[in-house]
Amino acid sequence: MSINKEKYLTTGEFAQIAGVSKHTLFHYDKIGLFCPDIVLDNKYRYYSVYQLDLFFVISLLKDMKMPLEEIKNYLNNRSPQALAALLKEEEKVIEERFKELKRIKTWISQTHQLITEALKTDTSQINTIYLKKQFLVTKALTARDEKSFAKSAGQLFAYVDKYHLKSPYGIGTIQKREHIFSGHLHDYQNIYLLFDHIPKGVHYKEKQEGTYLCAYFEGDFPQIGKAYKNIKKYIKENHLVLGSDFYEDVYLDSLAVQNPSHYLTRITALLS
């Protein structure tokens, strides 16, 4: 069979013009998505120059993250109405993708700010700071053991993920003032995720705006009692009156450091 070389292209020629590999064309042929116009007895494949338009349609749909099987089904049933419906649906998908990227960008910005703040802060000092209102999405602890803690943390993350929320902070915990001063550390009732803005769609509690006692603890979480020893001394020396809760917010955890001894927790308590 004589091939008109002005009208037909070899696999290599077509791949070069289309900007893909020969392997891609072989794969498309194998799954019946895009086949050569002519296959000779010696298995040589030739594509018509007119097939370039169809291939670029496939490339466009692929750029829209459409699975190959769906592209194949669309091409076998394409019409102006089908294209209009497809584009409308893809517009919705892209809009959701934009929203997710925006959420990720916000999380990146907030997390970067926290890390920068932590690196600049003299974490050995205890002082008072003014904090704006923040918001806590909480989860009750059913038991105090580490397995139950991990299970509750997983449930809390799953809850906020359902509403596409991302906190730049690690899992936070609350200790009661009376427990701190009576020496009953780690008597946690709830864990929480902290947000600087109202987390939409979920139940939350407010951490009120005001002046807070502020201290930092660098180390593995079970050793946080070392920080409270210094905090109690500071409170007594400065004759401070505090609210009922101590908030423990994780600034640096396994996302940022390799050794738990370098975890960083900020401890705050509202001044009365």
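Trainee: Before the numbers, what does buried mean here?
Mentor: Buried means under 20% relative accessible area. This is a predicted model, and 36% of the 272 residues of its chain count as buried.

Trainee: What radius of gyration does the chain have, and what would a compact globule of 272 residues have?
Mentor: The chain has a radius of gyration of 30 Å, while a compact globule of 272 residues would have one near 19 Å. Along its principal axes, the C-alpha trace spans about 100 × 40 × 35 Å.

Trainee: How many helices and strands does the chain have?
Mentor: There are eight helices and 11 strands in the chain.

Trainee: Turning to aromatics, how many aromatic pairs are found in the whole structure?
Mentor: The search of the whole structure finds 13 aromatic pairs. One of them joins Phe34 and Tyr47, and this pair is stacked, with 5.7 Å centre to centre and 10° between the planes.

Trainee: Where do Phe34 and Tyr47 sit in the chain?
Mentor: Phe34 is in the loop between α2 (22-30) and β2 (38-39), whereas Tyr47 is in strand β3 (residues 45-48). The two are 13 residues apart, and their pair links distant parts of the chain.

Trainee: Is Phe34 buried or exposed? And Tyr47, buried or exposed?
Mentor: Phe34 is buried, since its relative accessible area is 1%. Tyr47 is buried as well, with a relative accessible area of 0%.

Trainee: Why is the pair of Tyr159 and Tyr163 called edge-to-face?
Mentor: The planes of Tyr159 and Tyr163 stand at 75°, so the pair is edge-to-face; the ring centres are 5.6 Å apart. The cut-off for that label is an angle over 60 degrees. As for accessibility, Tyr159 is partly exposed at 26%, and Tyr163 is partly exposed at 32%.

Trainee: Which residues do ring pairs link into a cluster?
Mentor: The cluster consists of Phe14, Tyr28, Phe34, Tyr47 and Phe55, linked by ring pairs.

Trainee: What lies over the face of Tyr212?
Mentor: Lys207 does, at 5.0 Å from the ring centre.

Trainee: Now the surface. Which residues make the nonpolar patch?
Mentor: Ile94, Phe98, Leu101, Ile104 and Ile108 make a nonpolar surface patch of about 450 Å².

Trainee: Where is Ile108, one of those residues?
Mentor: Ile108 belongs to helix α5, which covers residues 80-120.

Trainee: Why does Ile108 count as partly exposed?
Mentor: Ile108 has a relative accessible area of 47%, and is therefore partly exposed. Exposed would require over 50%.

How values were computed
Residues are numbered from 1 along each chain as its sequence is written. This is a predicted model: local features need pLDDT of at least 70, side-chain atom pairs count only at pLDDT 80 or more; totals for chains, interfaces and linings use all residues. Side-chain values use heavy atoms; hydrogens and water are left out. Patches are made of residues with over 30% relative accessible area and no salt bridge: like charges are joined within 9 Å, nonpolar side chains (Val, Leu, Ile, Met, Phe, Trp, Tyr) within 5 Å. Accessible areas come from the Shrake-Rupley method with a 1.4 Å probe; for residues, only the protein chains shown count as cover. A salt bridge is a side-chain nitrogen of Lys or Arg within 4 Å of a carboxyl oxygen of Asp or Glu. Helices (H or I, at least four residues) and strands (E, at least two) are DSSP runs, numbered from the N terminus. Buried means under 20% relative accessible area, exposed over 50%, partly exposed in between (1.4 Å probe, protein chains only). Rings of Phe, Tyr and Trp (its six-membered ring) pair if their centres lie within 6.5 Å; planes under 30 degrees apart count as stacked, over 60 as edge-to-face and the rest as tilted. A charge sits over a ring if NZ of Lys or CZ of Arg is within 6 Å of the ring centre and within 35 degrees of the ring normal. The radius of gyration is taken over C-alpha atoms; the globule rule is 2.2 Å times the number of residues to the power 0.38.
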